Amino acid sequence: MNAAEVKRLRTESILKELIPEALSTLEDAYLKGLCVTDVECKKGRYDAFVYLDKMMLDEKEQAYVLSHLKRVCKHIQNHCIAAEGWYRAPNFHFKFDDRLEYQNRIDKVFDKISSELQKGNK
């Protein structure tokens with residue numbers, strides 16, 4: 001692991017803490033309660049992909065949340081800059097995290113294959 005990779009991982013870790021802090025300062029109830037599941041910074045740390053938990057939000061609510069996050073993106077960046085004393089903060093790209101659902105589907109497929117193999121061995 002080289003120094004640039006360590007800096008990127010450190011930035012990701014810091015952003016996982018700072019973004020929920022910034023969201024909690026907002027007036028919007030939907031945005032205030034969002035849970036950040038992961039942050040991925042690109043190599044140059046100019047862009048950061050922020051993964052959010054869906055928390056039983058339907059499609060309409062998800063679209064609302066994403067559109068409002070685009071509006072408050074500068075506020076979140078300013079919060080991160082002020083908290084860490086950075087010169088600049090990455091551009092945030094918000095997405096809802098589908099990885100847990102994907103993992104659950106994969107697990108179900110493996111369970112089904114396992115049960116079929118056990119039936120075939122008997």
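**View 1. Glutamate 40 pairs with phenylalanine 49 of β2.** This is a predicted model, in which local features need pLDDT of at least 70, side-chain atom pairs count only at pLDDT 80 or more, and totals for chains, interfaces and linings use all residues. Residues are numbered from 1 along each chain as its sequence is written, and side-chain values use heavy atoms, without hydrogens and water. Strands β1 and β2 run antiparallel, joined by 5 bridges. Two strands count as paired if DSSP finds at least two bridges between them. The two strands form a hairpin with 5 residues between them. In the turn, arginine 45 has a positive phi of about 60 degrees.

**View 2. Three strands make an open sheet in the order β1-β2-β3.** Its pairing is mixed. Strands here are DSSP runs of E with at least two residues, helices are runs of H or I with at least four, and both are numbered from the N terminus. Neighbouring strands are turned by 20 degrees against each other on average, direction ignored. Strand β2 (residues 47-52) runs parallel to β3, with 6 bridges between them. In this pair, aspartate 47 stands opposite asparagine 91.

**View 3. Helix α1 (residues 3-24) packs on the sheet.** The helix touches β1, β2 and β3, where contact means heavy atoms within 4.5 Å. The direction of α1 makes about 145 degrees with that of β1. Axes are lines fitted to C-alpha atoms, for helices over the stretch in contact, and angles run from 0 to 180 degrees between N-to-C directions. The buried residues of α1 are Thr11, Glu12, Leu15, Leu18, Ile19, Ala22 and Leu23. Buried means under 20% relative accessible area, exposed over 50%, and partly exposed in between, for a 1.4 Å probe and protein chains only. Their cover includes α2 (29-32), α3 (59-71) and α4 (73-84), along with β1, β2 and β3.

**View 4. A kink of about 25 degrees in α1 is centred on leucine 15.** The bend at a residue is the angle between axes fitted to the seven residues ending there and the seven starting there.

**View 5. The cysteines form 0 disulfides in the whole structure.** A disulfide is a pair of cysteine sulfur atoms within 2.5 Å. For cysteine 35, the closest cysteine sulfur is in cysteine 80, 16 Å away and too far for a bond. Cysteine 35 is partly exposed, at 35% relative accessible area. The sulfur of cysteine 41 also has its closest cysteine sulfur in cysteine 80, at 10 Å, too far for a bond. Cysteine 41 is buried, at 6% relative accessibility.
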